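Welcome! Take a moment to look at the sequence and turn the structure around on your screen.

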Amino acid sequence: MMNATTAPAAMAAPDATSPGLTRTLVTVCAMMATLMQALDATIANVALPYMQGSLSATADQITWVLTSYIVAAAIMTAPVGWLSARFGRKSVFIVSLVGFTVASMLCGVAQSLTQMVIFRLAQGVFGAALVPLSQATMLDLYPAEQRGQAMAVWGMGVMLGPILGPTLGGWLTDAYNWRFVFYVNLPFGVLATAGLVLFLKDSKRDDKLRFDWIGFGVLALGIGALQMMLDRGEQKDWFSSTEIIAEGVLAGLGLYLFTVHMITAEKPFLSPRLFKDRNFAAGLVIMFAIGMVLLATSALLAPYLQNLGGYPVQTAGLLMAPRGFGTMMAMMVAGRIISKTEPRLIMLLGLGLIAWSLWEMTGWTPNVSTYELVSNSIVQGAGLGFVFTPLTVTAFATLAPELRTDGTALFSLVRNVGSAIGVSITSFLLSQNTQIMHAALAEHVTPFNRMLQAAGAYQYWNIANPATLGALNAEITRQSTVIAYVDDFKFMMLITLPTALLLLLMKAPAKQKPGEGHVEVLD
């Protein structure tokens, strides 16, 4: 079993004289790995209808292409720290990259739904380690005073990947074929692997480490069942389905047993020391909330623009792109100023911008102007960028170096679970509130409603005429959906605001002289 207190630091001895070019090359390779994994979480979404025809699958079956990847990646994120300490960070990183690239190519040549699901499972298994290992590498690669800029660069891949994934996937599917959604990983995977083989120095290994199968087993059960429940809940009408009830019970049981095991075991799978660090524990909760907003807003905005706003798919994608631009600019700014100012103030500004943009969205109608759409997207993206970079730096500032790889894996896991929960809850609320508001509005559709007796309304929405009654029902559904979207935007705003209180629990990173805290991982 893994003992985080005795596990070796997954890093080599400090060396402040490392060549800048080599460090840059490792950074680029780590960024490629991060972007590949982040993109593949959403890039296949828009290609599902095309896959469905090619693989002879039903609409319900084809969703397993997404579910299999998410579940496998979620389960295999947790043991990344143990694998890195046992086999060395470089070895695990390279094997994960090669496996992810090969699995991507196999997905591209899949001829049946069974093959596709199996290959997507393999892609999730190998891809799970890419984000936490790249983050741990970047944290160890740069001295403390440069980690803000390093995390800004790394965060661009994590934050921009899910945002740009659907746009890139749609373009590749439209211009070439849905299989190129997976083939696009080949050149980046080859280049990133070659760079890491040549320039990344391996970390120390502990051949005596034993794996905590009990801890991993119950955690895998809890996370896997939770992901399945969230992904399939809407299709199965949630807890009216026996499947969803069983998955909910298994999720609760698995997470409970994991918590008990972690507290009571002599050498648990994840060290309780991770949660005793106040900065890291508060950072996990904030990252969970940011994860909920990150994907949920994109998942809501795309159908809002297409179904209610009447925008074509390409135009809707372009209108969502400024959010990524705002994130990128904010990360660059935050990375430069984080060493000169209080990181918690930057995070407070970011949370405020996110909450303000969501508040503005509660006043939207389908006739919202293009200027307001674009400006709001930029503000919201900037808020995410101002939170993500200083949050990563502050959360890991006080964490012991030997816990860093475990910490990055847990950070990625919490973000992914938060994203899944955010998408599921907002989708559920949108569906339920649309039905509730439709029933509430329909109560006023009576022959005695004077508004329906006006000349225009009577002509187009005559409730005595079956043809015009259908048009009236469509308009009621449209108005109900708009209100349901407003409720979702309010919900996300209320998720964002309370997290600002957690900033009071965090300590600002100590000011360090140039070169302090630098852990070299290069040849």
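## A short tour

Leu 253 is partly exposed, because its relative accessibility is 41%, a value that falls between the 20% and 50% cut-offs. Keep in mind as you explore that this model is predicted.

**The nonpolar patch**

- Leu 253 sits in helix α13, which spans residues 242-264.
- On the surface you can find a nonpolar patch formed by Leu 221, Leu 250, Leu 253, Tyr 256, Leu 257 and Val 260.
- Together, these patch residues have about 500 Å² of accessible area.
- Which helix gives the largest share of the patch? Helix α13 does, with five residues.

**The salt bridges**

- Side chains of opposite charge can pair when their charged atoms come close.
- How many salt bridges does the structure hold? There are two.
- One of them joins the side chains of Glu 342 and Arg 344, with 3.1 Å from N to O.
- Both partners count as partly exposed: Glu 342 has a relative accessibility of 22%, and Arg 344 has 24%.
- Another salt bridge links the side chains of Arg 478 and Glu 475, at 3.3 Å from N to O.
- Arg 478 and Glu 475 both belong to helix α21 (residues 466-496). They are three residues apart, which is about one turn of the helix.
- Arg 478 is partly exposed, since its relative accessibility is 29%.

**A buried serine**

- Look for Ser 104 in helix α6, which covers residues 89-109.
- Is Ser 104 buried or exposed? Ser 104 is buried, because its relative accessible area is 0%, and buried means under 20%.
- Setting aside neighbours within four places in sequence, Ser 104 is in contact with Asp 40, Gln 123, Phe 182 and Asn 185.

**A buried threonine**

- Thr 499 lies in the segment after α21.
- With a relative accessibility of 7%, Thr 499 counts as buried.
- Beyond neighbours within four places in sequence, Thr 499 is in contact with Ile 286, Ala 289 and Leu 351.

Notes: Residues are numbered from 1 along each chain as its sequence is written. This is a predicted model: local features need pLDDT of at least 70, side-chain atom pairs count only at pLDDT 80 or more; totals for chains, interfaces and linings use all residues. Side-chain values use heavy atoms; hydrogens and water are left out. Helices (H or I, at least four residues) and strands (E, at least two) are DSSP runs, numbered from the N terminus. Buried means under 20% relative accessible area, exposed over 50%, partly exposed in between (1.4 Å probe, protein chains only). Contact means heavy atoms within 4.5 Å. Patches are made of residues with over 30% relative accessible area and no salt bridge: like charges are joined within 9 Å, nonpolar side chains (Val, Leu, Ile, Met, Phe, Trp, Tyr) within 5 Å. Accessible areas come from the Shrake-Rupley method with a 1.4 Å probe; for residues, only the protein chains shown count as cover. A salt bridge is a side-chain nitrogen of Lys or Arg within 4 Å of a carboxyl oxygen of Asp or Glu.
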